[in-house]
Amino acid sequence: MMEPAALYLRLSQEDGERWGESQSISNQRIFLTQYCQANGFTVAECYIDDGYTGTNFNRPGFQRLLRDIERGKIKTVITKDLSRLGRDYIETGRYVECYFPEKGIRYIAVNDGVDTGKEESAGNDMSAFKAVFNDFYARDVSRKVRSALTAKRRAGEFIGAWAPYGYQKDPKQPGKLVPDPESAGVVRRIYRDFLKGESVRGIAEGLTEDKIPTPMEKRSGGLKAQRRWNESTIRRILTCETYAGNLTQNQSKTISYKVKKRIPVPKKEWIVVSNTHEPLITKEEFQMAQQLFKTRSSPREPKDRHLLSGLVFCGDCGSPMTFVKDGPRTYLVCSSSRRYPGSCKTHCVREDEVERTLLDSLRKLSEGIQPQSLYPEFPRKSRELAARELRSAKEQLEFYRRAGRDSENFPNIQRQFLSYCELWQRKVDALEEELTAEDPQDRREMAARELLRFERPGRTTIQALVKKIVVCGDKSLELYFSFPDPRITP
Ligand SMILES: [Zn+2]
C-alpha cells in the first residue's frame, strides 16, 4: 500500500545555502521524489519555501503545511534533512519533539536517518538534539520565571503561595498582605510573651495548652492536625521582619529547575522591602526580640563536651569511659570502676593520647580515600549523574569537532557536524554551570576534605567517622570506624 506523504522543501537566500546544486529546490524535489518511489510513498503535496531562512518558522510554505496538518490532511512529512525543517534548535526541536507527535505526524529527515514511524531508525536517536532542546527549554523557562519573581519581590510584592502566619493576602490587591483577624493576635502574643522573658519553649507550650491552631492546621483548614506548637515555628515568627511591616522574601530557594528541594538562602540575599504593609508589631519590638535572641541564646552544646565523648569504652567491662580532669590533664577512666571501686581494673588513659592515636590512624587510613566514601549516607547521585553526562557530552563534542574538521571537503555534511558541535557545546556549558553551582553536598564534602587534612576535626566529624574506641588492659586501643577500611578491597 502506498502511503501519501507531504514533502517540505526549503532554500534560504542569504545563509550560503545556495552554494550548490545539491540543495536547490529542484534537486530537493528530485531527491525526495526518488525516495518516495523507493519507499512506498506517494507525494500528496509539496510545500516549498524558496528564499526563506531556517532560523524562524514564519515561512508561507511551512505555515500552509501546518494548516493542512491541523485540518488532518497530512499524516507524514518528509524533508531532505533536519536543517531543511529549521535551523533554530529550540523551535525545530519543539516541532519534532512535541508538535509532530502530538498531531500523530510521522516525520522523516532522509539524510539524517530520522523516521519517527520506525522505532529502530538509526537517526531517531537525536539525543544531541533532544538533550539540548529539553535542557535549554526547561532552563530558559525556569530562569525567566525566577527573574520575573525577583523583580516582583524587589517591588515589595508578596508572591508566595501562602501568606505568612498572622496575615492573609489582600483579596482586592494581589501581592499585598493584610492582617488576618484570627491569627494576627497570636503573633502579637508571641512577641509580647517573648519580650516579657518567656522562653521559646514556654511560648510553644502555652499556645498548645490554649488550643490555638498551629500555622499548619490553619492553612489546611483544620484538616491536617499538628496540634502542638513547636519551637522552630515560634523562632521563625520571632525572627521574621515581615511582622514589623518590612516584607522579607527569598529566604529559601529551590536548588535548580531539576531539583525541587528548597535550601536556605544566606541572609544578605534576602529581599527586604520596608513598610510594605500593616505591621503587627513595632520595629522597636522586633529589634528588641532580635537583641534578646543574641544575649539569651544558650549554647546548644555545652562547652566542656569532649571530642570523643560517648565513643570510648572499657575493654574489660564494656562500660563507657568518663572524663576526669586532673590538673592540666584530662584522663579517661572506666565509669564502672569509678562508681564501684574494685568492680573493674582501673583503666586510665590520657585524653590527648587517645585523640592522637585516633587521628594518626585516621590519617593513615585516609591515604587514597575518597571524601565521599566517608559519607555514604549522603548519596551524591544527581551530581555524579551530571558529571557523567558532562563527560559524555564532552566526548560527543570532541567527536563532532573532529568530524567537522575531517569533512571540510563536504561543506554540506560539515555544516551538519558543526551544528551538532554547537548543540553539544551548549549542553556542556549547561552542565558545567550546574556542576559549579553551590550544593549543600559541597559543604559536606569540604568538611570531609578538611578532615582528611586533619586540621582540628570537629566533634560532628569524629562522631560521623568513629563508631567506638575500646581501651584495653595494656592501654592499647581498638578503633572501630563507621566506614569500611579503604585498604581492604571487598
Ligand atoms: Zn571497666
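A crossing of two helices is left-handed if the near helix is turned anticlockwise from the far one by less than a right angle, and right-handed if clockwise. By this rule, α6 passes α7 in a right-handed crossing. The model is predicted, so local features need pLDDT of at least 70 and side-chain atom pairs count only at pLDDT 80 or more, while totals for chains, interfaces and linings use all residues. Residues are numbered from 1 along each chain as its sequence is written, and side-chain values use heavy atoms, with hydrogens and water left out.

**Helices**

Helices (H or I, at least four residues) and strands (E, at least two) are DSSP runs, numbered from the N terminus. Helix α6 (residues 184–196) packs against helix α7 (residues 200–209) at an angle of about 140°, with axes 10 Å apart. α6 is therefore oblique to α7; angles under 35 degrees count as roughly parallel, over 145 as roughly antiparallel, 65 to 115 as roughly perpendicular and the rest as oblique. Axes are lines fitted to C-alpha atoms, for helices over the stretch in contact, and angles run from 0 to 180 degrees between N-to-C directions.

In helix α2 (residues 60–70), the buried residues are G61, F62, L65, L66, D68 and I69. Seen down the axis of α2, they fall within an arc of 165°, so they line one face of the helix. The arc is that of the directions from the helix axis to the C-beta atoms. G72, with a positive phi near 80°, follows α2.

**Zinc site**

The zinc ion has the protein donors C314 (SG), C317 (SG), C334 (SG) and C344 (SG), at 2.3 to 2.4 Å. Donors are N, O and S atoms within 2.8 Å of the metal (3.2 Å for Na, K and Ca). Angles of 98 to 119° between the four donor atoms make the arrangement tetrahedral, a term that requires all angles to lie between 85 and 135 degrees. C334 lies in strand β14 (residues 329–334) and C344 in the loop between α11 (335–339) and β15 (348–350), so the pair ties together parts that are 10 residues apart in sequence.

**Accessibility and backbone**

Buried means under 20% relative accessible area, exposed over 50%, partly exposed in between (1.4 Å probe, protein chains only).

| Residue | Relative accessible area | Class |
|---|---|---|
| C334 | 0% | buried |
| C344 | 9% | buried |
| I271 | 8% | buried |
| K211 | 71% | exposed |

K211 is in the loop between α7 and α8 (215–219) and has a positive phi of about 55° although it is not a glycine. N250, in the loop between β8 (247–249) and β9 (252–254), likewise has a positive phi, of about 65°.

Definitions and conventions
Four donors count as tetrahedral if all angles lie between 85 and 135 degrees; four count as square planar and six as octahedral if opposite donors are over 155 degrees apart and all others between 65 and 115; anything else is irregular.
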